[in-house]
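Please read the points below alongside both.

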Amino acid sequence: MAKPMAIEVYNPNGKYRVVSTKPMPGTRWINLLVDQGCRVEICHLKKTILSVEDIIELIGNKCDGVIGQLTEDWGETLFSALSKAGGKVFSNMAVGYNNVDVEAANKYGIAVGNTPGVLTETTAELAASLSLAAARRIVEADGFMRAGLYEGWLPHLFVGNLLKGQTVGVIGAGRIGSAYARMMVEGFKMNLIYFDLYQSTRLEKFVTAYGQFLKANGEQPVTWKRASSMEEVLREADLISLHPVLDKTTYHLVNKERLAMMKKEAILVNCSRGPVIDEVALVNHLRENPMFRVGLDVFEEEPFMKPGLADMKNAIVVPHIASASKWTREGMATLAALNVLGRIKGYPIWSDPNRVDPFLNENASPPNASPSIVNSKALGLPVSKL
């Protein structure tokens, strides 16, 4: 007999039933739902990734909305179950929704929420952290010290790369990519080369202005260049950070051939999506080029790494923590909850999902709108005029 679900319930007599497949940081998201008449049920099943069957059991016979996680498989089966239970909305507690079959959601008339606008700086900060850690071999040196191997200063001990004056390459200069570029340019006085299908005028103006500031103070000015191809970035940059969306065109964007284009002592950072890199090819490249270094927050087949990656001393691997600052994770929980609440209440959709400060202000009531519904146009949902 299956073990019963461990469920924590808030406001048991609430009019609307909202299920969260995982406990989420903070309490504001719970309070916002409870204050608007929702019964909130939080699953505490000690299982990292819930199965489709687990979630169907959580949905039950009546459910108005679900807050879920990017590790879950939200397709035809789950949207059918949610629709039969009277549900109107599912929201990922994530900006990405590669785990969601949006067409299936459209078929059943279910809105799909996500949480952009709150991860930009946090994700860029982790990419910058991985860049610096890889350049200065911090993880290797930390392990060396903890193993009791340090016997005194040596001229060649963990010699790494100086970032100042080198070139940072950014592939995908959207909000996160541009934030990362600004950190590296201003923080380490690096030159910039970037590739994006769209020109990043604001980023270019920032680097130009900072270069003029440095020159006015007697220092070498930084420069920027918009590359005509991704290959140009790979060939010229000393440090490359990946920030593209994941789709058919970016799957294995970095493969054996493109890794071979990079400098032998280059650093590659990925905080976007794991399948952007061919991980098998990466392991081979790391093995054959010991001075090439990589910092990874995401992996091709999470939660697993390809064989050999964990053994590479020139790889820094962290468990998908780009958004793991307290402010960001609590903000994501709040936005996901408000996506669900907005659809239950019949509110319109917020006109700009990347400008979410009004929803995160704890000293004021949030707007009567869903912060971000990715299939709002397909469902014909009205847009807020606020």
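The points below are grouped by topic.

This is a predicted model, in which local features need pLDDT of at least 70 and side-chain atom pairs count only at pLDDT 80 or more, while totals for chains, interfaces and linings use all residues. Residues are numbered from 1 along each chain as its sequence is written, and side-chain values use heavy atoms, with hydrogens and water left out.

**Annotated spans**

- The UniProt record (unreviewed entry) assigns "domain: D-isomer specific 2-hydroxyacid dehydrogenase catalytic" to residues 30-347; UniProt positions follow the numbering used here, feature names are shortened, and annotations may be inferred rather than shown by experiment.
- Residues 30-347 are 40% helix and 14% strand, where helices (H or I, at least four residues) and strands (E, at least two) are DSSP runs numbered from the N terminus. The end C-alpha atoms of this span are 19 Å apart.
- The UniProt record (unreviewed entry) also places "domain: D-isomer specific 2-hydroxyacid dehydrogenase NAD-binding" at residues 130-322.
- For residues 130-322, the composition is 35% helix and 15% strand, and the end C-alpha atoms lie 10 Å apart.

**Backbone geometry**

- Most residues other than glycine have a negative phi, and most peptide bonds are trans.
- E302 and P303 are joined by a cis peptide bond with omega about 10 degrees. P303 sits in the loop that runs between strand 12 (293-296) and strand 13 (315-317).
- F158, a residue other than glycine, has a positive phi near 50 degrees. F158 belongs to the loop between helix 6 (138-146) and strand 7 (167-171).
- F158 counts as partly exposed because its relative accessibility is 21%; buried means under 20% relative accessible area, exposed over 50%, and partly exposed in between (1.4 Å probe, protein chains only).
- H252 is not a glycine either, yet its phi is positive, at about 55 degrees. The loop between strand 10 (239-242) and helix 10 (256-261) holds H252, and H252 is buried, with a relative accessible area of 18%.

**Helix packing**

- Two packed helices are described by the angle between their axes and the distance between the axes.
- Helix 1 (residues 28-35) and helix 12 (residues 326-345) have axes that come within 8 Å and cross at roughly 20 degrees. Axes are lines fitted to C-alpha atoms, for helices over the stretch in contact, and angles run from 0 to 180 degrees between N-to-C directions.
- Helix 1 and helix 12 are therefore roughly parallel to each other; angles under 35 degrees count as roughly parallel, over 145 as roughly antiparallel, 65 to 115 as roughly perpendicular and the rest as oblique.
- The crossing of helix 1 and helix 12 is right-handed, a crossing being right-handed if the near helix is turned clockwise from the far one by less than a right angle, and left-handed if anticlockwise.
- R28, W29, L32 and L33 of helix 1 make the contact with A333, T334, A337, L338 and L341 of helix 12, contact meaning heavy atoms within 4.5 Å.
- By class, this contact of helix 1 with helix 12 comprises seven nonpolar, one polar and one charged residues. Ala, Val, Leu, Ile, Met, Phe, Trp, Tyr, Cys and Pro count as nonpolar, Asp, Glu, Lys and Arg as charged, and the others, Gly among them, as polar.
- Helix 5 (residues 120-135) packs on helix 7 (residues 175-188) at an angle of about 50 degrees, with the axes 8 Å apart. Helix 5 is therefore oblique to helix 7, and the crossing is right-handed.
- Residues of helix 5 in the contact include T120, A124, A127, A128 and L132, and among those of helix 7 are R175, I176, A179, Y180 and F188. The contact of helix 5 with helix 7 has ten nonpolar, three polar and four charged residues.

**Individual residues**

- V222 is located in the loop between helix 8 (201-216) and strand 9 (224-226). V222 is buried, at 8% relative accessible area.
- Leaving aside neighbours within four places in sequence, V222 is in contact with V185, K189, M190, N191, V207, Y210, G211 and L214. By contrast, V222 and N92 are 39 Å apart, C-alpha to C-alpha, and 130 residues apart in sequence.
- S228 occupies the loop between strand 9 and helix 9 (230-236) and counts as exposed, at 66% relative accessibility.
- S376 is part of helix 14 (residues 376-379) and is buried, with a relative accessible area of 12%. Apart from neighbours within four places in sequence, S376 is in contact with I349 and L381.
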